[in-house]
Every structure is written in C-alpha cells, then in structure tokens.
Amino acid sequence: MAETILKTIETERFLDEFAKLKESNEQKRSYSMNIIDELHANENAHTRILIKLLSFVANNGFPIFEKFLSILNEQLDENFKIKTFNKPKFEGQFGYIDAYIYNEEKTQAIIIENKIDWASDQNKQIERYIEVAKAHKIPEANIYVVYLTDDGRKKVSAHSLTPTARKWLGMEESSNEADASKTNGRYIEMNYKEHILPLLKDVLSYLDFSKEIYLKSAIVQYIDYLDGRFGLRERDKNYLDSMISDLRKILKIEDENIKTIREKEEVFNEMALSARINENQAHHGKIGLFRTFLERTVLFVEKTKSMNMFCFSRN
C-alpha cells in the first residue's frame with residue numbers, strides 16, 4: 001500500500017517545498033555546532049563511540065558499562081539476569097558483529113547489533129552472530145543479544161532472529177513474525193532515545209571527570225547530538241515547532257485526525273525527523289533520504305486510517 005501511495009507523491013516538489021521551509025525557518029534557529037553532526041556519523045561510527053564509552057575504566061571498574069548492564073538487566077527475566085561480568089573485553093566488527101563484549105574467561109558474551117540508522121536486517125543475521133560467539137568458545141547459555149535501535153520503533157525481523165536463534169537465546173517459540181521481538185530469553189531490545197541517552201545524562205551527573213576532561217567533553221557532545229537527533233535540543237525548539245507546523249500543513253495532517261497521545265508523539269517524531277534532515281547528509285542521495293521519511297509518514301497515515309489527508313497542499 002505504501003509503495004502505491006508513494007507513486008502519487010511528487011517527490012521533487014516536496015523537496016523544493018521542504019528546502020523553502022528550511023530557508024524560511026532558519027532565522028528561528030540559534031547558531032550551534034556539534035562535531036558529530038558535522039562529521040555525519042554512520043552506524044559504524046556510533047558503534048565505535050559506544051564501545052569507547054563502555055570501555056572507560058575508573059577505580060578498577062567500568063562505570064559506564066556497569067550502568068549499561070543494569071539497564072540491560074531491567075529488560076531480562078530474573079533467571080536470565082547477568083549477575084557478574086568480570087574483566088570485560090570490547091571489540092568492534094568481530095566476525096561482522098557491530099559490538100562484541102566478552103569476559104576474559106570467555107564464559108559470557110554480549111552481541112550488540114546497532115540499527116540506529118534503520119539498516120535492514122540480513123538473512124539469519126542474529127543466528128550467524130551467535131554462531132560466531134559459539135565458535136569463540138562462549139557457552140550458548142551465556143550469549144546475549146542486544147538489538148539497539150534509534151528510538152525503539154524498528155523491530156527485528158523473523159528472517160534475522162530465526163527459530164534457531166530464538167532457541168539458542170532461550171526465547172519462547174513463536175511462528176508469528178509480528179511477535180518476533182516480544183518474547184524474552186537473552187534477547188534484549190534497547191534504543192538510543194530511551195536507554196543510551198538517559199544513561200549518558202545519568203553518568204554525567206555523578207561520575208568524577210576532574211581528570212577526564214576530554215571524556216566529559218565527548219559525552220557532552222554526544223548527549224547534545226542525540227538530543228538534536230530526537231528533537232530535544234532546547235535551543236532548536238522554536239525552529240522545530242515552526243518546521244513541524246509547516247510540514248503538517250503540507251502533508252495535511254490535522255489535529256482531528258490524531259486520536260491518541262501516542263499518535264501525536266509519532267506525528268511529532270516524523271515531522272521532527274524531517275525537520276532535522278540536512279540535504280547534504282544523505283549518504284544515498286537526498287531523494288532516498290526523503291523517500292525514507294515519506295514511507296514512514298505513509299505508514300503512520302495508514303495506521304490512523306485517514307488516507308485522504310496525505311496529499312500536498314495546492315494552496
């Protein structure tokens with residue numbers, strides 16, 4: 001259905017309209033700079049940043065990793081919680097695994113699959129990564145998989161989290177792809193908006209950075225980047241509010257079509273996503289980037305059953 005509707009959308013016209021909106025609203029935006037924004041970090045870069053943060057050592061411990069473990073444990077049933085994780089080792093691109101954490105004795109491992117940029121799941125991806133850990137002599141019963149997404153809306157596909165992978169992770173059996181991520185075992189869904197960002201704000205409030213000024217600076221920059229990514233920067237509030245208002249007019253998304261608080265949040269997220277897009281940041285061309293935005297907006301409109309409102313204003 002989404003592809004059918006997209007055929008009727010004048011993508012080039014939308015790009016022109018969007019460029020005009022950005023230009024007209026730019027004066028409402030205070031001058032700011034964030035190094036990560038300017039470097040156009042991709043998923044690999046975000047994984048490297050995460051590994052660097054988790055591997056920070058202070059007072060013979062790993063305070064950021066320990067906080068990460070506590071958040072991870074909150075998602076696990078009691079019999080699957082990680083009680084201890086001594087002498088962790090951190091690897092990136094270990095057998096194609098984005099981030100791979102294991103203890104010195106090779107008795108535990110955490111596989112992190114980073115999908116912050118909504119990359120597609122590969123066939124048997126999680127199953128293959130578990131096989132890598134098993135080949136690394138990690139006991140099957142002590143392998144954990146973290147599916148790390150942007151804001152929690154992207155869900156793992158059944159062709160990645162296969163029945164074999166689910167069995168290895170101690171998950172309940174399910175043949176329904178829609179339920180592929182809703183059982184527990186040692187599979188954990190985490191996201192940057194609800195988990196990583198609060199984690200960083202938390203550690204920034206209590207860790208002693210008197211001797212780690214560059215680490216503190218990096219965390220402040222990354223917090224600012226993530227706040228910007230999710231439309232949470234206070235200095236961008238007027239700009240985002242104005243852009244969202246204008247975009248809703250173009251897409252004819254009216255208040256009466258938005259029935260619940262959750263739907264209002266989704267509208268804001270989609271509009272804010274578009275408002276934050278810089279045309280120069282498109283890795284696959286700006287048409288592809290806006291197509292992603294339009295597809296996601298179409299899915300929202302389909303869900304609200306108000307297809308007639310999704311069209312360009314002719315005024």
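This report describes selected contacts, salt bridges, cores and backbone features of one protein structure.

The model is predicted: local features need pLDDT of at least 70, side-chain atom pairs count only at pLDDT 80 or more, and totals for chains, interfaces and linings use all residues. Residues are numbered from 1 along each chain as its sequence is written, and side-chain values use heavy atoms, with hydrogens and water left out.

**Cores**

Helices (H or I, at least four residues) and strands (E, at least two) are DSSP runs, numbered from the N terminus. A nonpolar core is a set of buried Ala, Val, Leu, Ile, Met, Phe, Trp, Tyr and Cys residues joined through side-chain atoms within 4.5 Å.

In soluble globular proteins, nonpolar side chains tend to be buried together. The largest nonpolar core here has 45 residues, and Phe65, Ile110 and Ile112 touch the most other members. Elements that give two or more residues to this core are H4, H5, E2, E3, strand E4 (143–149), strand E5 (187–191), helix H8 (192–206) and H9. A second, separate core has 20 residues, among them Tyr129, Ala133, Tyr147 and Met171.

Contact means heavy atoms within 4.5 Å. Apart from neighbours within four places in sequence, Phe65 is in contact with Leu54, Phe85, Pro88, Phe90, Ile101 and Ile110. Phe65 is one of the buried residues of H5, which also include Pro63, Ile64, Phe68, Leu69, Ile71, Leu72 and Asn73. H5 has 12 residues and reaches 17 Å from its first C-alpha to its last, close to the 16 Å expected at 1.5 Å a residue; the expected span is 1.5 Å times one less than the number of residues.

Glu113 is in strand E3 (residues 109–115) and is buried, with a relative accessible area of 3%. Not counting residues up to four places away in sequence, Glu113 touches Asp98, Gln125, Tyr129, Val146, Tyr147 and Leu148. The side chains of Glu113 and Gln125 are joined by a polar contact of 3.2 Å. A polar contact is a pair of N or O atoms within 3.5 Å; within protein, one must be able to donate a hydrogen and the other to accept it, and residues adjacent in sequence count only if both atoms are side-chain atoms. From C-alpha to C-alpha, Glu113 and Tyr96 are 9.8 Å apart in space, and they are 17 residues apart in sequence.

Gln108 is found in the loop between E2 and E3, and at 14% relative accessibility it counts as buried. A polar atom of the Gln108 side chain lies 2.8 Å from the backbone oxygen of Thr84. Leaving aside neighbours within four places in sequence, the contacts of Gln108 include Ile82, Thr84, Phe85, Ile101, Tyr102, Asn103, Ile138 and Asn142.

**Salt bridges**

Side chains of opposite charge can pair when their charged atoms come close. A salt bridge is a side-chain nitrogen of Lys or Arg within 4 Å of a carboxyl oxygen of Asp or Glu. By this rule the count is 14. Three of these pairs are listed below.

| Salt bridge | Closest N and O atoms |
|---|---|
| Asp37 and Arg233 | 2.8 Å |
| Lys87 and Glu104 | 3.5 Å |
| Arg229 and Asp117 | 3.0 Å |

Asp37 lies in helix H3 (residues 35–39) and Arg233 in the loop between helix H9 (213–229) and helix H10 (237–251), so this pair ties together parts that are 196 residues apart in sequence. Asp37 is partly exposed at 21% relative accessibility, whereas Arg233 is buried at 9%. Both belong to a network of salt bridges that links Asp37, Asp224, Arg233 and Arg235.

Lys87 is exposed, with a relative accessible area of 52%, and Glu104 is partly exposed at 42%. Arg229 is buried at 16% relative accessibility, while Asp117 is partly exposed at 32%.

**Positive phi angles**

Most residues other than glycine have a negative phi, and most peptide bonds are trans. His40 has a positive phi, near 55 degrees, and is found in the loop between H3 and helix H4 (43–54). Trp118 also has a positive phi, near 65 degrees; its place is in the loop between E3 and H6. His40 is partly exposed, with a relative accessible area of 29%, and Trp118 counts as partly exposed at 29% relative accessibility.

Conventions: Buried < 20%, exposed > 50% of the residue type's maximum accessible area, 1.4 Å probe, protein only.
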